[in-house]
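Please keep the structure open beside the text as you go through the points.

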Amino acid sequence: MASVYRSERARAEVRRWCENRIEGAGLARARSEVVTSAGVTGVVTVGPEPRGGGPTVVLLPGTNMNAALCLPVVEALARARRVVVLDLPGQPGLSADLRPRAKRSSWYGKWLAEALAQAVPGPVVVVGHSLGGAVSLACDAPQIVGRVLLSSAGLVRLRVPAPLLAATLPWLLRPTVARSTALVRRMAAPGQGHVADHLGEWMDLVGRCCRTSLAPPPLPSGLLELRRSVPALVVAGQFDPFLPPHHLGPAATCRLGAEFRVVEGAGHLLLDESPAAVLVAVREFCAARVAD
């Protein structure tokens, strides 16, 4: 097992940043923890109790992200239904810092099943962004009645175009706010400067304090075939550099049998770039699950 943090001091700095952001949003009481075989999992719960058999929305952030980075879209979703955010273990945030060096998909799948059983009574629609989407697909928990996969890993291998690689290497070697901002801008659609302003500080902290993980490889076809029994919606940004629609779309329909949707004018960071489109997609998908 390997820690995501470079030191205990780094771990404390990241946790303090996340805790302060959650408390600053007035959600300190929404925080809780559950204990799984992967260690402690940080949980943020917002919104009304589920009614009429409707599912709870469970949000799984992507690589280097966590509940503290998703608060605006979480609060908007929670106006209509219960939303639970789980920080992924082995990623910077408020969950355990260790992750396995091998067989991560099965490890994450087991973790999610355990976390859902403790944190969320009743049916859930899992909304997974990037790595969070792959984790959702790795889990066969019977509570999951649907998946909304945002710029999701696990279906195809992520691409790293040359401009994005050119921004990543300086950030890895000697992170600064300027280099972190340049990296975020490469992940987003052209012209999305406000996204970089929002995330530049965080990615600088991650670069200084954490050992970032590589993107997961595509999940086995046999496993994805089993997931066809649960409805899924796959959403991609028009300008996603890692998972362009012409690459992700055919895999979503052929490998998973999922509906596929493109968000115009967005890149990889859908939760920050296009929160309104995410809200519409999740609300419509959940409404369809209730109707079913």
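1. In which loop is Ser 151 found? Ser 151 is found in the loop between β8 (144-150) and α5, where helices (H or I, at least four residues) and strands (E, at least two) are DSSP runs, numbered from the N terminus. The phi angle of Ser 151 is near 45 degrees, which is a positive value in a residue other than glycine. Ser 151 counts as buried, with a relative accessibility of 0%, where buried means under 20% relative accessible area, exposed over 50%, and partly exposed in between (1.4 Å probe, protein chains only).

2. Before going further, please note that this is a predicted model, in which local features need pLDDT of at least 70 and side-chain atom pairs count only at pLDDT 80 or more, while totals for chains, interfaces and linings use all residues. Residues are numbered from 1 along each chain as its sequence is written, and side-chain values use heavy atoms, with hydrogens and water left out.

3. Asn 64 also deserves a look, as its phi is near 65 degrees, a positive value in a residue other than glycine. Asn 64 sits in the loop between β4 (56-60) and α2 (71-77), and it is buried, with a relative accessible area of 6%. As background, most residues other than glycine have a negative phi.

4. The axes of helix α3 (residues 104-119) and helix α4 (residues 131-138) come within 8 Å and cross at roughly 75 degrees; axes are lines fitted to C-alpha atoms, for helices over the stretch in contact, and angles run from 0 to 180 degrees between N-to-C directions. On the α3 side, Ser 105, Tyr 108, Gly 109, Trp 111 and Leu 112 meet Val 135, Ser 136 and Ala 138 of α4, where contact means heavy atoms within 4.5 Å.

5. The largest pocket has a volume of about 660 Å³, and of its 28 lining residues the closest to the centre are Thr 63, Thr 212, Ser 213, Ala 215 and Phe 242. On a 1 Å grid over the protein atoms alone, a pocket is an open set of points with protein on both sides within 12 Å along at least five of seven lines, a cavity is a set where a 1.4 Å probe fits but cannot get out, and lining residues have an atom within 4 Å of a point. Grid points are joined across faces, edges and corners, and a volume is the space filled by probe spheres set on the points. The largest share of this lining, five residues, comes from α5.

6. The second largest pocket, of about 410 Å³, is lined by 23 residues, and those nearest its centre are Arg 104, Leu 214, Ala 215, Pro 216 and Pro 217. The elements that give two or more residues to this lining are α3 and α4, and α4 gives the most, with four residues.

7. A search of the whole structure finds one cavity of 30 Å³ or more, and about 50 Å³ of space lies in the largest cavity. Its lining includes Arg 31, Ala 67 and Asp 87, while β2 (31-36) and β3 (39-46) each supply at least two of the lining residues.
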